[in-house]
Amino acid sequence: MRSSARTLRQEKIEKAAYELLEAKGYAGTSMLSIATRAKASNETLYRWYGDKQGLFKAMVVRNARDVKELLENELQAEHPPLKTLRRLGPQLLGLLLGQRAVALNRAAAADASGELGAALTEGGRDSVVPLIAQVFQQARKAGVIQGLSTKDAVELYLNLLIGDLQIRRVIGALAEPTAPEIKRRADRALKTFQKIAS
């Protein structure tokens with residue numbers, strides 16, 4: 001199968017998986033039900049993803065891909081750290097408050113096995129936060145951050161950026177924000193961080 005055809009099939013499979021995840025939760029979603037909804041063979045799903053956890057981990061990785069690529073490109077180009085953070089904030093916040101992340105987090109919270117939570121951690125946070133830490137290491141070298149360790153700087157920034165917004169989205173207490181609202185929140189978080197860290 002050509003890569004573009006395979007990509008389209010994977011998108012269809014993952015769309016079906018998100019629909020079932022929202023309707024039935026992680027435990028109630030099977031590889032067979034995903035295959036049936038996506039009009040794909042069960043064998044294809046197992047061949048491409050290994051198992052249900054592999055499929056959902058692939059979905060988490062794909063969901064975080066744009067943020068990860070932005071960070072990798074910014075770090076490779078050695079852009080000024082504040083410029084990188086100005087670009088990162090809205091993209092990361094938009095990802096975390098988007099419908100796909102909300103669906104994954106809702107299902108992970110209800111998954112007693114912990115499988116989906118582990119996939120979210122490994123494919124999302126554990127792959128992105130080390131890159132954010134590299135941005136803050138650059139910021140320390142550039143003198144933008146003073147008096148904070150890299151770890152503390154990352155935690156402070158993420159707390160200012162995200163706060164309880166993702167939790168409020170997951171429990172249904174907050175509607176999905178618009179792009180301008182996300183940008184304003186990200187800009188405010190970065191300004192507050194600069195005041196505290198400089």
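Predicted model: local features only at pLDDT ≥ 70, side-chain atom pairs only at ≥ 80, totals over all residues.
1. Overall make-up. The protein contains ten helices and zero strands.

2. Extent and burial. The C-alpha trace spans about 55 × 40 × 30 Å along its principal axes. The protein has 198 residues, and 42% of them count as buried. Take the contacts between residues at least 6 apart in sequence: 70% of these join residues at least 24 apart.

3. Helix H3, buried side. In helix H3 (residues 42–49), the buried residues are Thr44, Leu45, Trp48 and Tyr49. They cover an arc of only 100 degrees around the axis, so they sit on the same side of H3. These buried residues pack against helix H1 (3–24), helix H2 (31–38) and H4.

4. Helix H3, other side and end. Glu43 and Arg47 are exposed on the other side of H3. Just after H3 comes Gly50, with a positive phi of about 90 degrees.

5. Helices H4 and H6. The axes of helix H4 (residues 52–77) and helix H6 (residues 99–110) come within 11 Å and cross at roughly 145 degrees. The crossing of H4 past H6 is left-handed. On the H4 side, the contact is made by Phe56, Val60 and Asn63; on the H6 side, by Arg100, Ala101 and Leu104. By type, the residues of this contact are four nonpolar, one polar and one charged.

6. Helix H8, buried side. The buried residues of H8 are Thr150, Ala153, Val154, Tyr157, Leu158, Leu161 and Ile162. Because they cover an arc of only 135 degrees around the axis, they lie on the same side of H8. Their packing partners are helix H5 (81–97), helix H7 (115–141), helix H9 (165–170) and helix H10 (179–197).

7. Helix H8, other face and end. Which exposed residues does the face of H8 turned away from its buried side carry? They are Lys151 and Asn159. Just after H8, Gly163 has a positive phi of about 50 degrees.

How values were computed: Residues numbered from 1 in each chain as written. Heavy atoms only, no water. Axes fitted to C-alpha atoms, helices over the stretch in contact; angles between N-to-C directions. Helix = DSSP H or I, 4+ residues; strand = E, 2+ residues; numbered from the N terminus. Left-handed = near helix turned anticlockwise from the far one by under 90°. Contact = heavy atoms within 4.5 Å. Nonpolar A, V, L, I, M, F, W, Y, C, P; charged D, E, K, R; others polar. Buried < 20%, exposed > 50% of the residue type's maximum accessible area, 1.4 Å probe, protein only. Arc of directions from axis to C-beta.
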